[in-house]
Protein chains: 2
Amino acid sequence: MDSHRLKDFFTGLQDRIVSELEAFDGRPFHTDSWQRPEGGGGISRLIEDGDVFERGGVNFSHVTGHSLPASATAVRPQLAGRSWEALGVSLVLHPRNPYCPTAHMNVRGFVARKAGEEDVWWFGGGMDMTPYYGRREDVVHFHRTCRDALVPFGDDLYPKYKQWCDAYFFLKHRNEPRGVGGIFFDDLNEGGFERCFGLTQAVGNAFTQAYLPVLAKRRDMPYGERERDFQAYRRGRYVEFNLVWDRGTLFGLQSGGRTESILMSLPPIVKWRYDWQPEAGSGEAELVETFLKPQDWLG
Amino acid sequence: MDSHRLKDFFTGLQDRIVSELEAFDGRPFHTDSWQRPEGGGGISRLIEDGDVFERGGVNFSHVTGHSLPASATAVRPQLAGRSWEALGVSLVLHPRNPYCPTAHMNVRGFVARKAGEEDVWWFGGGMDMTPYYGRREDVVHFHRTCRDALVPFGDDLYPKYKQWCDAYFFLKHRNEPRGVGGIFFDDLNEGGFERCFGLTQAVGNAFTQAYLPVLAKRRDMPYGERERDFQAYRRGRYVEFNLVWDRGTLFGLQSGGRTESILMSLPPIVKWRYDWQPEAGSGEAELVETFLKPQDWLG
């Protein structure tokens with residue numbers, strides 16, 4: 001497998017997304033390049049205190065290793081010990097306005113190599129949205145865009161990847177999903193390289209169409225301390241998921257990844273409060289009672 | 001082993017500590033009792049928006065199970081499958097004033113039982129302090145109190161448990177200790193039950209003497225937005241340690257513990273900021289350069 005094509009796509013995707021986000025926010029993203037001592041490196045593009053985005057990052061990384069750890073190949077134990085190469089784009093955006101949802105997108109490709117044997121490769125990725133105050137039309141738009149991106153690759157994919165997303169972005173210790181979901185897939189190598197790479201590209205390319213129209217509708221909604229406070233409280237759940245359950249974050253932190261780039265996913269201001277319960281019938285209660293129940297948004 | 005003696009000690013310790021903290025703060029702690037579906041329960045004592053303590057909790061828990069999971073017995077694999085009983089007190093206190101350090105203390109006893117065989121028991125515990133603006137005399141007082149509590153049980157214990165603490169409360173992804181340390185021990189069953197229980201009691205009983213004199217000196221120091229901001233930023237490290245590395249927190253969250261009680265350890269307000277570096281020569285730089293270097297505080 002030729003990783004140059006992947007690298008070209010992923011770096012191009014990062015550039016295009018950042019350009020769109022910069023145009024949307026009005027403030028430029030900062031750029032940091034980094035090298036990983038064990039091989040490879042990355043480019044982090046970040047924004048803090050933007051007009052729309054309070055904190056966010058769009059990371060490209062291309063890392064390599066001499067020997068795949070057994071822990072990284074749960075579904076393919078026979079690959080342990082191979083040299084490996086992983087490339088991808090990962091982003092998280094935390095808008096300031098509590099009526100604007102937080103969003104996450106990731107697309108990645110992986111190759112494991114051994115002299116005299118064929119390369120083993122697979123793709124993974126997805127995107128999901130985490131509102132503070134839910135709006136059904138926003139969730140429907142986000143999910144519809146995800147579905148439309150997948151339809152050319154099979155009608156069964158959206159329902160399957162939607163369920164996978166609900167199952168993955170779930171806080172077991174809260175018995176609560178992270179947000180309203182989206183799509184998630186991993187270990188994709190069915191149907192040949194071109195199909196799988198094409199599907200991964202379609203997901204990456206669909207992100208701004210899925211997310212920015214939602215922000216455009218909500219970015220100027222007036223809010224006060226109450227909404228900011230609830231946003232900070234709910235952001236605590238985002239931290240809990242990413243640090244306790246997210247395999248990508250944990251693998252990165254435990255394998256010598258670049259901490260500041262990985263933890264760009266964490267929100268700028270977060271609050272924890274003991275056993276806090278929203279007032280019945282409030283917009284805050286609606287989030288948990290209506291939007292944090294996995295459901296068929298396109299039904 | 002008679003767990004009633006442990007229960008009496010731990011519940012009494014919780015009461016005594018909470019009374020002292022209430023007298024110190026001036027505001028009462030709230031009480032919540034809870035049951036665990038799998039067996040046992042606990043009493044959480046909490047404070048939020050106190051005069052001194054912005055958020056904190058002193059938890060007693062007494063939990064039982066029918067079959068010890070292999071993951072819980074890394075050093076005693078032969079005990080997997082035994083019925084078990086764990087009792088303890090765990091506390092974390094986050095003062096509002098950034099000149100007041102955050103503190104943590106935990107003491108616990110564990111028994112694994114099997115019909116026809118002798119009970120296997122052990123103790124664990126410790127305490128450690130996490131300042132935002134370090135003061136050498138405060139660190140020395142804290143460590144001296146820890147040492148004095150251990151001396152009756154052996155001169156070699158303080159250096160050993162101090163090193164264990166430095167090794168345990170360490171953020172590998174930051175290559176940074178959580179704070180200025182203290183003492184930590186686990187799997188203690190040498191020298192008989194009375195000695196081990198006595199040592200555990202001595203550690204629990206020493207906590208308020210180690211910590212409150214530090215707070216008494218710092219609680220009225222004036223501070224501004226700059227110090228609050230740095231405190232919120234550094235509290236992010238506390239969250240990262242507890243959610244990524246702390247075995248007690250992870251075991252609790254993954255084994256159906258009571259989430260709101262376990263996560264009382266998280267600070268009330270936290271900030272994350274990309275690659276933030278303190279100004280050279282500032283009090284903020286001094287924390288990292290001087291106080292977050294493990295050293296012999298009593299030398």
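Asn175(A) is exposed, with a relative accessible area of 63%; exposed means over 50%, buried under 20% and partly exposed in between, for a 1.4 Å probe and protein chains only. The model is predicted, so local features need pLDDT of at least 70 and side-chain atom pairs pLDDT 80 or more, while totals for chains, interfaces and linings use all residues. Residues are numbered from 1 along each chain as its sequence is written, chains are lettered from A in the order in which they are written, and side-chain values use heavy atoms, without hydrogens and water.

Asn175(A) sits in the loop between β7 (170–171) and β8 (176–177) of chain A. Helices (H or I, at least four residues) and strands (E, at least two) are DSSP runs, numbered from the N terminus. The phi of Asn175(A) is positive, near 50 degrees. Most residues other than glycine have a negative phi. Asp275(A) also has a positive phi, near 45 degrees. Its loop joins β10 (269–271) and α8 (283–291) of chain A. Asp275(A) is partly exposed, at 32% relative accessibility.

In chain A, seven strands form an open sheet in the order β1-β2-β3-β4-β5-β6-β9, with antiparallel pairing. Two strands pair if DSSP finds at least two bridges between them. The edges are β1 (30–35) and β9 (181–188) of chain A; each has a single partner strand, so one side of each lacks a neighbour in the sheet. From one strand to the next, the twist averages 5 degrees.

Strands β2(A) and β3(A) run antiparallel and are joined by nine bridges. Ser44(A) stands opposite Asn59(A) of β3(A). Four residues lie between the strands of this hairpin, where Asp49(A) takes a positive phi near 55 degrees. On to β4(A), twelve bridges join β3(A) in the antiparallel sense. Here Arg55(A) stands opposite His94(A) in β4(A). Eleven of the 13 residues of β3(A) are buried, so this strand is largely enclosed by the rest of the structure.

Strands β5 (residues 102–113) and β6 (residues 120–130) of chain A are antiparallel, with eleven bridges. Ala103(A) has Met129(A) as its bridge partner in β6(A). Helix α4 (residues 193–218) of chain A packs on the sheet and touches β3, β4, β5, β6 and β9 of chain A. Contact means heavy atoms within 4.5 Å. The direction of α4 makes about 15 degrees with that of β6(A). Axes are lines fitted to C-alpha atoms, for helices over the stretch in contact, and angles run from 0 to 180 degrees between N-to-C directions. Helix α1 (residues 3–25) of chain A lies across β2 (40–48), β3 (53–65), β4 (83–95), β5 and β6 of chain A. This helix runs at about 170 degrees to β3(A).

Chain B also has an open sheet of seven strands, in the order β1-β2-β3-β4-β5-β6-β9, with antiparallel pairing. Its edge strands, β1 (30–35) and β9 (181–188) of chain B, each pair on one side only. The twist averages 5 degrees from one strand to the next. Strand β5 (residues 102–113) of chain B pairs with β6(B) over eleven bridges, in the antiparallel sense. Val107(B) has Gly125(B) as its bridge partner in β6(B). Helix α1 (residues 3–25) of chain B packs on the sheet, touching β2 (40–48), β3 (53–65), β4 (83–95), β5 and β6 of chain B. Its direction makes about 170 degrees with that of β3(B). Helix α3 (residues 157–168) of chain B lies across β6 and β9 of chain B, at about 100 degrees to β9(B).

Over all chains there are 46 aromatic pairs. Rings of Phe, Tyr and Trp (its six-membered ring) pair if their centres lie within 6.5 Å; planes under 30 degrees apart count as stacked, over 60 as edge-to-face and the rest as tilted. Phe123(B) and Phe193(B) form a tilted pair, 5.7 Å centre to centre, with 50 degrees between the planes. Phe123(B) lies in strand β6 (residues 120–130) and Phe193(B) in helix α4 (residues 193–218) of chain B, so the pair ties together parts 70 residues apart in sequence. Both Phe123(B) and Phe193(B) are buried. In chain A, one aromatic cluster is formed by Tyr161(A), Trp164(A), Tyr168(A), Phe169(A), Phe184(A), Phe185(A) and Phe241(A).

Arg219(A) lies over the face of Phe24(A), 4.7 Å from the ring centre. A charge sits over a ring if NZ of Lys or CZ of Arg is within 6 Å of the ring centre and within 35 degrees of the ring normal. Arg219(B) lies over the face of Phe24(B), at 4.7 Å from the ring centre.

Chain B and chain A bury about 2800 Å² between them, 60% of it on carbon and sulfur atoms. Buried area is the accessible area (1.4 Å probe) that two parts lose on being put together, summed over both. Glu260(B), Trp272(B) and Tyr274(B) lose the most area in chain B, together 30% of what that side buries. The contact takes 32 residues from chain B and 32 residues from chain A.
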